[in-house]
Amino acid sequence: MNKKLAAALSGGAVLMLVLSGCGGDETDEKASAWAKKVCDKWQPELKKIETANADIKRVATESSKPEEVQQTDSAAFATMSESYKTMGAALQSAGVPPVKDGAATQEAAAKGFEATSKGYADLKTKMDALDPKEQTKFADGLKEVAGGLQEATKGGQDALATLNAGGLDKAINAQKGCQVAAPSPTPK
(Lines give C-alpha, C1' and ligand atoms only; values in the text may rest on other atoms or scores of the structure.)
Protein backbone atom coordinates (compact mmCIF):
# COMPACT_ATOMS: atom_id res chain seq x y z
CA MET A 1 0.00 0.00 0.00
CA ASN A 2 2.59 2.53 1.06
CA LYS A 3 4.72 1.58 -1.94
CA LYS A 4 2.11 3.35 -4.08
CA LEU A 5 2.60 6.43 -1.93
CA ALA A 6 6.36 6.22 -2.42
CA ALA A 7 5.93 5.73 -6.17
CA ALA A 8 3.61 8.73 -6.35
CA LEU A 9 6.09 10.83 -4.41
CA SER A 10 8.99 9.84 -6.60
CA GLY A 11 6.88 10.66 -9.64
CA GLY A 12 5.86 14.19 -8.84
CA ALA A 13 6.41 15.51 -5.37
CA VAL A 14 10.00 16.52 -5.77
CA LEU A 15 9.40 19.76 -7.59
CA MET A 16 12.92 20.81 -6.94
CA LEU A 17 14.15 18.38 -9.57
CA VAL A 18 12.86 20.76 -12.20
CA LEU A 19 15.54 23.10 -10.95
CA SER A 20 18.35 20.64 -11.51
CA GLY A 21 18.99 21.74 -15.07
CA CYS A 22 22.48 22.65 -16.08
CA GLY A 23 23.56 26.23 -15.71
CA GLY A 24 26.21 27.71 -17.90
CA ASP A 25 25.11 30.35 -20.40
CA GLU A 26 25.87 33.97 -19.64
CA THR A 27 22.72 35.38 -18.13
CA ASP A 28 21.64 38.91 -17.51
CA GLU A 29 23.38 40.24 -14.40
CA LYS A 30 20.17 41.62 -12.89
CA ALA A 31 18.36 38.31 -13.39
CA SER A 32 21.34 36.49 -11.87
CA ALA A 33 21.36 38.77 -8.85
CA TRP A 34 17.61 38.25 -8.40
CA ALA A 35 17.95 34.48 -8.79
CA LYS A 36 20.78 34.41 -6.24
CA LYS A 37 18.54 36.07 -3.65
CA VAL A 38 15.84 33.48 -4.31
CA CYS A 39 18.09 30.43 -4.52
CA ASP A 40 20.06 31.30 -1.38
CA LYS A 41 16.76 31.19 0.54
CA TRP A 42 15.51 28.11 -1.34
CA GLN A 43 18.59 25.95 -0.71
CA PRO A 44 17.78 24.94 2.89
CA GLU A 45 14.15 24.34 1.91
CA LEU A 46 15.12 22.15 -1.04
CA LYS A 47 17.28 20.07 1.30
CA LYS A 48 14.39 19.70 3.76
CA ILE A 49 12.06 18.59 0.95
CA GLU A 50 14.64 16.11 -0.30
CA THR A 51 15.05 14.67 3.22
CA ALA A 52 11.28 14.49 3.76
CA ASN A 53 10.83 12.60 0.50
CA ALA A 54 13.63 10.20 1.45
CA ASP A 55 11.92 9.55 4.81
CA ILE A 56 8.62 8.74 3.11
CA LYS A 57 10.31 6.40 0.66
CA ARG A 58 12.24 4.74 3.48
CA VAL A 59 9.13 3.80 5.47
CA ALA A 60 7.37 2.78 2.26
CA THR A 61 10.06 0.32 1.24
CA GLU A 62 10.79 -1.11 4.68
CA SER A 63 8.35 -3.27 6.57
CA SER A 64 7.27 -0.34 8.70
CA LYS A 65 4.39 -0.47 11.12
CA PRO A 66 1.36 1.67 10.17
CA GLU A 67 2.01 3.96 13.15
CA GLU A 68 5.54 4.67 11.92
CA VAL A 69 4.29 5.27 8.37
CA GLN A 70 1.68 7.69 9.68
CA GLN A 71 4.12 9.61 11.89
CA THR A 72 6.83 9.78 9.25
CA ASP A 73 4.52 10.79 6.41
CA SER A 74 2.70 13.35 8.55
CA ALA A 75 5.98 14.96 9.63
CA ALA A 76 7.24 14.93 6.03
CA PHE A 77 4.07 16.58 4.73
CA ALA A 78 4.35 19.26 7.44
CA THR A 79 7.97 19.91 6.45
CA MET A 80 7.09 20.14 2.76
CA SER A 81 4.16 22.45 3.45
CA GLU A 82 6.37 24.82 5.42
CA SER A 83 9.19 24.63 2.87
CA TYR A 84 6.99 25.50 -0.11
CA LYS A 85 5.45 28.35 1.89
CA THR A 86 8.97 29.64 2.62
CA MET A 87 9.92 29.29 -1.05
CA GLY A 88 6.92 31.42 -2.07
CA ALA A 89 7.84 34.03 0.53
CA ALA A 90 11.42 34.04 -0.77
CA LEU A 91 10.11 34.87 -4.24
CA GLN A 92 8.14 37.79 -2.84
CA SER A 93 11.00 39.12 -0.71
CA ALA A 94 13.47 39.01 -3.61
CA GLY A 95 11.57 41.80 -5.33
CA VAL A 96 10.15 41.90 -8.82
CA PRO A 97 12.28 39.81 -11.19
CA PRO A 98 13.93 41.85 -13.97
CA VAL A 99 12.01 40.25 -16.84
CA LYS A 100 9.07 41.24 -18.99
CA ASP A 101 5.89 41.02 -16.86
CA GLY A 102 8.11 40.42 -13.83
CA ALA A 103 5.46 41.37 -11.26
CA ALA A 104 2.89 39.02 -12.80
CA THR A 105 5.48 36.24 -13.06
CA GLN A 106 6.47 36.71 -9.44
CA GLU A 107 2.88 36.80 -8.19
CA ALA A 108 1.80 33.74 -10.17
CA ALA A 109 4.83 31.72 -9.06
CA ALA A 110 4.39 32.71 -5.39
CA LYS A 111 0.71 31.71 -5.55
CA GLY A 112 1.72 28.36 -7.03
CA PHE A 113 4.09 27.63 -4.16
CA GLU A 114 1.43 28.71 -1.68
CA ALA A 115 -1.04 26.29 -3.31
CA THR A 116 1.47 23.45 -2.95
CA SER A 117 2.08 24.43 0.67
CA LYS A 118 -1.67 24.22 1.32
CA GLY A 119 -1.87 20.92 -0.58
CA TYR A 120 0.74 19.33 1.66
CA ALA A 121 -0.95 20.74 4.77
CA ASP A 122 -4.19 19.10 3.59
CA LEU A 123 -2.37 15.80 3.02
CA LYS A 124 -0.94 16.01 6.54
CA THR A 125 -4.45 16.50 7.92
CA LYS A 126 -5.69 13.45 5.98
CA MET A 127 -2.72 11.37 7.14
CA ASP A 128 -3.26 12.39 10.78
CA ALA A 129 -6.93 11.38 10.53
CA LEU A 130 -6.12 7.80 9.49
CA ASP A 131 -6.42 5.07 12.13
CA PRO A 132 -3.32 2.88 11.89
CA LYS A 133 -4.96 0.23 14.07
CA GLU A 134 -7.51 -0.59 11.35
CA GLN A 135 -5.19 -1.82 8.62
CA THR A 136 -7.74 -2.08 5.80
CA LYS A 137 -9.05 1.44 6.36
CA PHE A 138 -5.48 2.68 6.82
CA ALA A 139 -4.45 1.14 3.50
CA ASP A 140 -7.45 2.70 1.76
CA GLY A 141 -6.59 6.03 3.36
CA LEU A 142 -3.01 5.78 2.12
CA LYS A 143 -4.32 5.28 -1.40
CA GLU A 144 -6.43 8.41 -1.03
CA VAL A 145 -3.43 10.37 0.26
CA ALA A 146 -1.27 9.10 -2.62
CA GLY A 147 -4.02 10.10 -5.03
CA GLY A 148 -3.93 13.66 -3.65
CA LEU A 149 -0.21 14.10 -4.25
CA GLN A 150 -0.57 15.11 -7.88
CA GLU A 151 -3.03 17.84 -6.98
CA ALA A 152 -0.86 18.97 -4.06
CA THR A 153 2.20 19.40 -6.26
CA LYS A 154 0.42 21.07 -9.19
CA GLY A 155 0.78 24.61 -7.85
CA GLY A 156 4.53 24.27 -7.38
CA GLN A 157 4.96 22.73 -10.82
CA ASP A 158 2.95 25.60 -12.29
CA ALA A 159 5.11 28.07 -10.33
CA LEU A 160 8.30 26.65 -11.80
CA ALA A 161 6.78 26.64 -15.28
CA THR A 162 5.82 30.31 -14.79
CA LEU A 163 9.37 31.22 -13.76
CA ASN A 164 10.80 29.29 -16.72
CA ALA A 165 8.35 30.86 -19.16
CA GLY A 166 9.13 34.27 -17.69
CA GLY A 167 12.73 33.87 -18.80
CA LEU A 168 14.24 33.14 -15.39
CA ASP A 169 15.14 29.50 -15.98
CA LYS A 170 18.78 30.13 -16.98
CA ALA A 171 19.36 32.55 -14.12
CA ILE A 172 17.82 30.17 -11.56
CA ASN A 173 19.52 27.05 -12.92
CA ALA A 174 22.91 28.79 -12.81
CA GLN A 175 22.63 29.32 -9.05
CA LYS A 176 24.23 26.68 -6.85
CA GLY A 177 21.45 27.14 -4.29
CA CYS A 178 18.87 25.86 -6.76
CA GLN A 179 20.87 22.92 -8.08
CA VAL A 180 20.12 19.53 -6.58
CA ALA A 181 21.19 16.05 -7.51
CA ALA A 182 18.33 14.06 -8.98
CA PRO A 183 17.90 10.73 -7.20
CA SER A 184 17.63 7.55 -9.22
CA PRO A 185 14.07 6.86 -10.30
CA THR A 186 12.23 4.41 -8.09
CA PRO A 187 10.71 1.46 -9.98
CA LYS A 188 6.92 1.38 -9.74
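I worked on a predicted model, in which local features need pLDDT of at least 70, side-chain atom pairs count only at pLDDT 80 or more, and totals for chains, interfaces and linings use all residues. Residues are numbered from 1 along each chain as its sequence is written, and side-chain values use heavy atoms, with hydrogens and water left out.

**Disulfide.** I searched the whole structure for disulfides (a pair of cysteine sulfur atoms within 2.5 Å) and found 1. It joins Cys 39 and Cys 178, with the sulfur atoms 2.1 Å apart. The pair connects distant parts of the chain, 139 residues apart: Cys 39 lies in helix α2 (residues 29-61) and Cys 178 in the segment after α5 (135-173). I took helices as DSSP runs (H or I, at least four residues; strands are E, at least two), numbered from the N terminus. I then looked up the S-S torsion of Cys 39 and Cys 178, which is about -100°, so the disulfide is left-handed. For burial I used relative accessible area (buried under 20%, exposed over 50%, partly exposed in between; 1.4 Å probe, protein chains only). Cys 39 is buried at 0%, and Cys 178 is buried at 0% as well.

**Salt bridges.** I counted a salt bridge where a side-chain nitrogen of Lys or Arg is within 4 Å of a carboxyl oxygen of Asp or Glu. The structure has 10 of them.

- Lys 48 and Glu 45 form a salt bridge at 3.5 Å, N to O. Both are in helix α2, 3 residues apart, about one turn of the helix. Lys 48 is partly exposed at 40%, whereas Glu 45 is buried at 8%.
- Arg 58 and Glu 62 form a salt bridge at 3.6 Å, N to O. Arg 58 is partly exposed at 32%, and Glu 62 is partly exposed at 41%. Arg 58 and Glu 62 also belong to a network of salt bridges with Glu 68.
- Lys 126 and Glu 144 form a salt bridge at 3.9 Å, N to O. This pair links distant parts of the chain, with Lys 126 in helix α4 (residues 102-129) and Glu 144 in helix α5, 18 residues apart. Lys 126 is partly exposed at 38%.

**Nonpolar core.** I defined a core as a set of buried Ala, Val, Leu, Ile, Met, Phe, Trp, Tyr and Cys residues joined through side-chain atoms within 4.5 Å. The largest one has 39 residues, and Trp 34, Trp 42, Phe 77 and Met 80 have the most contacts inside it. Helices α2, α3 (66-93), α4 and α5 each supply at least two residues of this core. I listed contacts (heavy atoms within 4.5 Å) for Met 80, leaving out residues up to four places away in sequence: Ile 49, Ala 52, Asn 53, Ile 56 and Tyr 120.

**Helix α2.** I compared its length with the expected span, 1.5 Å times one less than the number of residues. The 33 residues of α2 should span 48 Å, and its end C-alpha atoms are 45 Å apart, which agrees. I also looked for bends (the angle between axes fitted to the seven residues ending at a residue and the seven starting there). A kink of about 35° lies at Trp 42, shortly before Pro 44.

**Thr 105.** This residue is in helix α4 and is buried at 8%. Leaving aside neighbours within four places in sequence, Thr 105 contacts Lys 100, Thr 162, Leu 163, Gly 166 and Leu 168.
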